[in-house]
Amino acid sequence: MKTALLMILLGLCLADDEISNKRFPDEFMFGVSTSAYQIEGAWNEDDKSESIWDHMVHTNPDFIADRTNGDVACDSYHKFDEDLAILKETGVNHYRFSLSWTRILPTGYPDNINVAAVKYYKNVINKLKENGIEPVVTIYHWDLPQNFQDLQGFVNDSISDWFAEYARVCFSMFGDDVKYWITINEPQQVCTGGYGYGYFPPTIKSEALLEYQCVHNLLKAHAKAWHIYDDEFRSKQNGKVAITLDTSAYLPASDSDEDKEAAERIQQFTIGIYANPIFNGDWPEVVKTRVAQRSIAEGRSQSRLIEFTQEEIDFIKGTHDFFGLNVYTGYLVESLGYDPPVSEPPSKWQDQAVNTYQPSTWETTSTQYTKVVPWSVRSLLNWIKNHYDSPKIMITENGYPSSGNDKDDRRIYYIKGYLSNIRDAMEQDGVDVFGYTVWSIMDNFEWASGYTQKFGLYEVDFNSENRTRRARGSASFYKKVIETRCLVDNCI
Ligand code: BGC
């Protein structure tokens, strides 16, 4: 542990002889991921209605770094055959993509199922299966129908029913051919991004208030969808349903008890707030206690973190068939050494009361916050194993952003380093990881960064009408890993 901490602090690079030489099991799933709004385009075709992202890019173009939008994106609605060709070329075992709610249900409600949308997704799923690629389908990846946002979106209590009805349609339309479902992608980005710090649509800034209300509703939405599957579809369809949570790995900056507690606390505030209700039941104790105490000190009569009823606790607990994890980077964490005084409005930072940082010696990428910290994933995987009773974990996203002008060697280094640490976690620590998914098979619309951040194993030429896809070096690297199941030559 001491050596690992030292390496992390110094930001030492992994040498090739430190890369795991253990073969990945034959059944280990290597895949790639995308999401509907980021690749499909055709934003208003075949009756598709407006999502919160359509609404944002059209009403406030300055919200996007390069003033672009996803109107056409990779044009995957018209070019799925080209996507299929590169998926086959890479030899992936699975393809994770998302369904567009406003394409399938233009009113948001199941009163009018869009035949063209169903045909499109059935074709995607069938062609994947014909080619031996397992579809991993995300039901919701951030593109809420705008008409639901007009009704306050995730802070309207009805959201869980709206979502559950939509999920039922997805299971019934596609479930015969889908064995892996993700209900909601990265709830933290939905709630903290959308209703806390407001860096994503609907850009509401209500940290630690509406943000927590969103978490409460979102967990119920997920749980309702899981129960619908369990009650109505599982026996016929035999699939697995999970939520995908995102977090950075938070590592104590020193061996002091205070820093260790601080790292534990922020991990609970970022991932535990979602995972604990689902895996163990109820909010994590530290989150529940701190927010309740601070709420009372602020003069409120109840906690800003709405308490679950016993019935809700029982309903949400156990709604998992595996653990979906998106992880990109890691941080060091220090205790603040004091409890911040209460203030109005409250803040998440005060609730968490920790300081996080990434040393300047750590390798950076094209985004400020995504530093390359492959070691950190191993401790995060162990944290998950220890807190949630050794769940089966699928890493549903991990990837490297670049400006696109550089050689691709750093993306290869990144993927190799993360995979090596994942393999070590499996082999040496007994963490049950059964899949790994690169974000992304190709460059796509990177939300508020537009097309400035490129995550693709394949480059996409957004200036050409054809949206030509061209392999980067990392595509052939990943292909070889998938073929050989090895990160180095002659693995064992
Ligand atoms: C999201 C993706 C996004 C990726 C890279 C994840 O947070 O699920 O939609 O493109 O990270 O930023």
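Trainee: How many bridges join strand S8 to S9, and do they run parallel or antiparallel?

Mentor: First, the terms: strands are DSSP runs of E, at least two residues long, numbered from the N terminus. Two strands pair if DSSP finds at least two bridges between them. Here, four bridges join S8 (residues 330-335) to S9, and the two run antiparallel. Serine 335 faces valine 354 in S9. This is a predicted model: local features need pLDDT of at least 70, side-chain atom pairs count only at pLDDT 80 or more, and totals for chains, interfaces and linings use all residues. Residues are numbered from 1 along each chain as its sequence is written, and side-chain values use heavy atoms, without hydrogens and water.

Trainee: Which strands stand at the edges of that sheet?

Mentor: The open sheet has three strands in the order S6-S8-S9, with mixed pairing. S6 (249-252) and S9 (354-357) are the edges; each has a single partner strand, so one side of each lacks a neighbour in the sheet. The twist averages 40° from one strand to the next. Angles run from 0 to 180 degrees between N-to-C directions, with axes fitted to C-alpha atoms.

Trainee: Which way do the side chains of S2 point?

Mentor: In a regular strand, side chains alternate between the two faces of the sheet. In S2, His94, Arg96 and Ser98 point one way, Tyr95 and Phe97 the other, and all are buried. Buried means under 20% relative accessible area, with exposed over 50% and partly exposed in between (1.4 Å probe, protein chains only).

Trainee: What does S2 pair with?

Mentor: S1 (residues 29-33) pairs with S2 in the parallel sense over three bridges. Five bridges join S2 to S3 (residues 134-140), also parallel. Arginine 96 stands opposite serine 33 and valine 136 in S3.
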